[in-house]
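Here's a quick tour of some side-chain contacts and where they sit. Have a look at the model first, then read on.

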Amino acid sequence: MLQPKILYLLVETNEKTYWNRAGVGFVNSDDSINVKMDLFPGLTFNLRDPKPNGDQPEEAPARNSRKRNTQ
């Protein structure tokens, strides 16, 4: 099993660059990477190469977490 990667936020000033831990990344068996960021708890991002034919991965249908009462 591969070691997880650490996600850093680089903050550059005139004098120094600060490396602040901002999350973690995991390499998947298909070489894509799942990233969990401290800034967005509960969400997972996936990085992958585009398909050779230019298609993008299919998007999941949008979730409507709240239904509006239109009456």
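A quick word on exposure: a residue is buried under 20% relative accessible area, exposed over 50%, and partly exposed in between (1.4 Å probe, protein chains only). This is a predicted model, where local features need pLDDT of at least 70, side-chain atom pairs count only at pLDDT 80 or more, and totals for chains, interfaces and linings use all residues. Residues are numbered from 1 along each chain as its sequence is written, and side-chain values use heavy atoms, with hydrogens and water left out.

Let's start with charges. There is one salt bridge here (a side-chain nitrogen of Lys or Arg within 4 Å of a carboxyl oxygen of Asp or Glu). Arg-48 pairs with Asp-30, with 3.3 Å between the closest N and O atoms. Arg-48 sits in the segment after β4 (45–47) and Asp-30 in the loop between β2 (17–27) and β3 (33–37), so the bridge ties together parts 18 residues apart in sequence. Strands are DSSP runs of E, at least two residues, numbered from the N terminus. Arg-48 is partly exposed at 45%, and Asp-30 is partly exposed too, at 44%.

The loop between β2 and β3 also holds Asp-31, a non-glycine residue with a positive phi near 70°. Asp-31 is exposed, at 64%.

Now the rings: two aromatic pairs turn up. Rings of Phe, Tyr and Trp (its six-membered ring) pair if their centres lie within 6.5 Å; planes under 30 degrees apart are stacked, over 60 edge-to-face, the rest tilted.

| Pair | Centres | Planes | Type |
|---|---|---|---|
| Tyr-8 and Trp-19 | 5.5 Å | 65° | edge-to-face |
| Phe-40 and Phe-45 | 5.8 Å | 65° | edge-to-face |

How values were computed:
Helix = DSSP H or I, 4+ residues; strand = E, 2+ residues; numbered from the N terminus.
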